[in-house]
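Hi,

Here is the structure I promised to pass on.

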Amino acid sequence: MARVLITSGPTREAIDPVRFIANASSGRMGRALAAAALALGHTVEVVTGPAEVAPPPGARITRVETARQMLAACERLHPSCDVLIGAAAVCDYRPAAPLAEKRRRDASTWTLELIANPDVLATLGRVKGSRVHVGFALETGPLAGAHARAREKLAEKNLDWIVLNAAETIGGDRGAYWLLARDGSDRALGERTKEELARHLVPLVTARSREA
Ligand code: C5P
């Protein structure tokens, strides 16, 4: 049996004590992946941002807020895991100088300076070893460009597989998915619910981890 580490949900980056920026993510994909892995008897670690849905009972849960906290939690858990699946919608940027006090409302404009957050999958990709790493690529715009960008992300993040999906899947139950692999293959998985996708993906990636 494998130890499967799953990132899930959005991250939040503080602007001031009451305001934040975040990415759109319900946490449903992470929950579906965790449930599919638990059903196969694997040990499941979920590192989740503030999601709408809770991880399934039986998963070990680490709750985080920010991208940097998500990375720190994953760096702690990754050495003892065989499989990493990055389903979180991590904020790529955070306010450069979050305010200590709430900014009072007035009629003037407010320009925020944002700085880049670390990439959780890319960082762990540098210490991947024989583990199996899987990511998601949510892309908008024409499909040909989306496939090319997903392929680039697979390489940049040192992934074994990347699941490409269209932005319509955010918060929804189903979507169209493609599975791109390190060996160059690119397979259409068709329209599926997140649960159906998870039940397809998890056995595939955990079987690969046993071969390693
Ligand atoms: O580059 P992009 O954000 O589109 O890549 C998406 C994939 O990378 C997802 O699997 C997501 O969980 C992961 N990611 C990450 N850390 C980031 C940004 C994305 O792990 N800062």
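The side chains of Thr11 and Glu13 are joined by a polar contact of 3.0 Å. By polar contact I mean a pair of N or O atoms within 3.5 Å; within protein, one must be able to donate a hydrogen and the other to accept it, and residues adjacent in sequence count only if both atoms are side-chain atoms. The Thr11 side chain also reaches the backbone nitrogen of Cys91, at 2.9 Å. Thr11 is in the loop between β1 (3-8) and β2 (12-14), and it counts as buried at 0% relative accessibility. The cut-offs there are under 20% relative accessible area for buried, over 50% for exposed and partly exposed in between, with a 1.4 Å probe and protein chains only. Helices (H or I, at least four residues) and strands (E, at least two) are DSSP runs, numbered from the N terminus.

Before you go further: this is a predicted model, so local features need pLDDT of at least 70, side-chain atom pairs count only at pLDDT 80 or more, and totals for chains, interfaces and linings use all residues. Residues are numbered from 1 along each chain as its sequence is written, and side-chain values use heavy atoms, with hydrogens and water left out.

Now the ligand. Around it are Gly86, Ala88, Val90, Asp92, Pro118, Asp119, Val120, Leu121, Gly135, Phe136, Lys153 and Lys157, where a residue counts if one of its heavy atoms lies within 4 Å. That shell divides into six nonpolar, two polar and four charged residues. α3 (120-125) and β9 (132-139) each supply at least two residues of it.

Which atoms of the ligand have a backbone N or O atom of Val120 or Phe136 at 2.9 Å? For Val120 it is a nitrogen atom of the ligand, and for Phe136 an oxygen atom. A ligand nitrogen is also 3.4 Å from an N or O atom in the Asp119 side chain. Taken alone the ligand exposes 450 Å², and the protein buries 87% of that (accessible areas come from the Shrake-Rupley method with a 1.4 Å probe).

The ligand sits in the largest pocket. A pocket here is an open set of points on a 1 Å grid over the protein atoms alone, with protein on both sides within 12 Å along at least five of seven lines; a molecule sits in one if more than half of its atoms lie within 2 Å of its grid points.

Strand β9 also holds His133. Is that residue buried or exposed? His133 is buried, with a relative accessible area of 0%, and its side chain makes a polar contact of 2.9 Å with that of His78.

Ala87 is in the loop between β6 (83-86) and β7 (93-95) and is buried too, at 14% relative accessible area.

Most residues other than glycine have a negative phi. Asn158 is in the loop between α4 (143-156) and β10 (161-166) and is partly exposed, at 27% relative accessibility.

Last, His200 is in helix α5 (residues 194-211) and is partly exposed, with a relative accessible area of 25%. Its C-alpha is 9.3 Å from that of Leu189, 11 residues away in sequence.

Cheers

Definitions and conventions
1 Å grid on protein atoms, 1.4 Å probe; cavity = no way out; pocket = protein on both sides within 12 Å on 5 of 7 lines; lining within 4 Å. Nonpolar A, V, L, I, M, F, W, Y, C, P; charged D, E, K, R; others polar.
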